[in-house]
Structures are given as structure tokens and as C-alpha cells.
Amino acid sequence: MSKIPILINNFCKRNISVTATREGKRNFRKFVIPNKRGSVLHKKKQMTEDREFEIDKRGVRDIGYNLNGRLVIVPEMIPEIIVPNLKDFDLKPYVSYKAADVIQSEFTPSQLFDAVYSKKIVTDFKQGKLDEEGNPIEPSEEESLKPEEAIIRAKQTGSDIF
Amino acid sequence: MRIYGYLAKKVGDLTIKYSNFPESYVKKSYEQVYWKTPAGYPQYKKAQVARKKYRFTTNRPWTGQFRQQNEPGTLRKKVFLEPIRDWTFFRGDRVEVMVGKDKGKQGIVSQVIQERNWVIVEGLNTHLRVVGKDKNFPGITIQSEAPLLVTSDVKLVDPESLKATDVEWRYTEEGDKVRVSLASSRIIPIPKTAEETIDYKSKELYIDNIEKDTTADAATKITFAPKLRTFEMDIMEEMGIKEDRVPAKSYWY
């Protein structure tokens, strides 16, 4: 009977944990596995359709679309850089230190409106060519432009920001 | 402590003005970034592990000697700087040395190093150093100036009495900020040499590089005419590119 407490002291060293369990979670947020990184299995899986991460194009835009696993090239998607002829062009890469600082205020959309439309509105008003609501009786090309038509014109350039 | 740290680690305004470099270039030239969070992933906040404490010296921060003196891994003892709100010393200022073997002598400031509150006066507070000493060669002795602390070792000189005075920044009746000597209330003007940089002695004396510099007239010429066109539409009209196809409707979500 006297030996039992000695045995307990020798190998009964289990404690009760009071802290929260980690449950095997480790913080892997900081590991980005871009295209060339990862194990062979991971890279093989990335090549198939059930890949874990999206393929990182590194900012390069596609020039076509995916059809049956092949890339179909669309010529309109290939960017065409249009550079005007710079012969007799005065502006150079640097500005001379002798040039004074040019301080310009921002050119706002309301200023653009004034520049394009205000003259005709004023002449129409003075000649009485505006109807009751203030719309012009003989609208010019800019005044008869609808918003949908304007967006189409802007998109025809090929830019997609509108 | 934090504000002091922020104030102390910035490169001085006068250094950047003297270099004619954009501030971002100067910062990039001496910063040592060890690791950055990957860019282009919105889930990772922008953060970096970079060196914060540099030892600023008489070598400018973008030079190779500075980089050698601040190699990654070098830890230097802290330099205790008095943060100065209004900087009063400029290149070309007449200044009197108050300490050292040249005490009482007046000289002209040749270099200003704001990061250490230093000023190098021409010909004063010098010491001799031997350069290039070899077994066969005795070496060349050069007299080089040691920097002087702006707060204690050096004082501006009153232009008329030619005596050392303390200086304050005050506003004139027109609204200009000027340095005024406290002993006699005389204005100490900022010397013309202060606007000297690596590229020119003064802006009027700068000689344009014909191939790369835009002239002042070309830079200030107004060629803008407001039109109801987007940038791309304007270019298409200028180049004579015609497009009749209408793009399909697309949506932004």
C-alpha cells in the first residue's frame, strides 16, 4: 500500500489542458503559391480543370477566349498601340529648369459643358428659339446626342471603361 | 517617441532640393526592404519588413559610400538629434564657429546636412588626413573640414556688425518669412548660393540640353481646345481611323 503513491508519482504525469485547442490549424494566410511554385502534384492539378487556385496571369490580359480547352484568338483583343508621328514635336522627355511652374486649375465637366453648349443656348434664348421647357427648337448635333448613342461612340474606340 | 522616430528618419528637405531628384527616388535609393507582402492580392494588407535606422553621414543618401556605411546588418549606436522646426542655415551663409581650435573665426557654409543637424564651413574646423599611404608611397595629406552642429557649434553672423548673433524667423509687413538677428533686428537675407544644386548654380544659368529638355515656351504653351470627345475618340479623329462596327452590349457588375 505504501508503494502505490510512489508509482503514481513516477508515471502518472498527465495534466488537464486549460488553453484553447489549436485543432491542427496553422496560419497559412501568407503563403501565395503562384504558377511555378508548389509540389509536382500541385502543379499537375493546376493544369487540369479542378485546380485549387486560379492561374495567376500576372496582369497580362488574354487575347482570346477558351473553347474546348483551346485558346481562340480574337484579333480585336490584341492591343494595337497607335503612336502619332513625332516629327517637329516640341515637347521633349524633360523640362528645362528655366521654365516657370505652370499652375492650372482642374478642368471640370461643367466647364466642358459651358465650352460646348453655352454659346448656342445663349443665342437661342436671345432669338426666342427655345420652347416652354427650355429645349431648343433647332437642336445642333451635340444637343441632339442621346446618352446611349454617346456611350456607343465612346465604346467604338475599343476601350471598355464606359 | 514615435513622432521623433518619424521626424528623425526622413531625409532633409534641403538635401532633396540640392539633389534635384524626386523624393521617391531618393527614398528608393537608400531603403533596404527585406520582405513585402505579395502585391495584387487584396486579402493581404500592404506591409513590409524594412530597415528603419540609418546612420546619416557626410555622404549623401543616394551614394555608394552611404550604402557601404549602412550595409544590411550593421547596427550603429543611436545619434541623438535635436529636432529643429525651422531650419536657419543655408549654403553660402556667413557663419562664426563657437567651439574648437577655430573658435571665433568666420567662414562660409559650403555644405548643409540636415539629417545630422550639420553644417560644413569652408576651411574651418579642419584636420589633416593621409590618403593612399603605401609601403613605397608616403601618401597625400589632405586638409578636410569636420562638420559642425547647427544648434551649438555655429552661429549666424549679423551682416553689418559682423558679429555672431542668434536668429529668429519673423514675417515682414509684406508677409515674407525672413531671418532676423535678435541682437540688432537686422534682416539676414538668404544667400544666392542657397539655390545651387548638382545641376545648376542658379536657374537662369542652366544650359538646356537641346535633345532632351523642353524649352520654357513649349512647356507653357496652351494647346488645349475643349471638345466633346473622349481621349481615344480624339486620337482616332486625328489619325483618321474610322470604325463603323458597333460593339455588343456589356455590363459591369
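**Exercise 1. Determine how many salt bridges the rule finds across the interface of chain A and chain B, and which side chains meet.**

Step 1. Apply the criterion: a side-chain nitrogen of Lys or Arg within 4 Å of a carboxyl oxygen of Asp or Glu. The structure is a predicted model, in which local features need pLDDT of at least 70, side-chain atom pairs count only at pLDDT 80 or more, and totals for chains, interfaces and linings use all residues. Residues are numbered from 1 along each chain as its sequence is written, chains are lettered from A and ligands numbered from 1 in the order in which they are written, and side-chain values use heavy atoms, with hydrogens and water left out.

Step 2. Across the interface of chain A and chain B the rule returns 1 salt bridge. The side chains of B:R245 and A:E76 meet in a salt bridge, at 2.6 Å from N to O.

**Exercise 2. Describe the contact between chain A and chain B by residues and by buried area.**

Step 1. With contact taken as heavy atoms within 4.5 Å, chain A gives 39 residues and chain B gives 38 residues.

Step 2. Buried area is the accessible area (1.4 Å probe) that two parts lose on being put together, summed over both. Between chain A and chain B this comes to about 3200 Å², and carbon and sulfur atoms give 65% of that area. A:Y97, A:K98 and A:Q156 supply 22% of the area that chain A buries against chain B, more than any other three residues.

**Exercise 3. Find the strand of chain B that pairs with β3(A), and state the sense.**

Step 1. Strands (E, at least two residues) are DSSP runs, numbered from the N terminus; two of them pair if DSSP finds at least two bridges between them.

Step 2. β3(A) pairs with strand β14 (residues 213–214) of chain B in the parallel sense, over 2 bridges. Within this pairing, A:Y94 stands opposite B:D213 in β14(B).

**Exercise 4. Work out the strand order of the open sheet in chain B and locate its edges.**

Step 1. The sheet has 6 strands in the order β8-β5-β4-β3-β9-β10 (chain B), with antiparallel pairing. Its edge strands are β8 (148–149) and β10 (164–165) of chain B, each pairing on one side only.

Step 2. Inside that order, strand β3 (residues 94–97) of chain B and strand β9 (residues 154–157) of chain B are joined over 3 bridges in the antiparallel sense. B:V97 stands opposite B:V154 in β9(B).

Key: Helix = DSSP H or I, 4+ residues; strand = E, 2+ residues; numbered from the N terminus.
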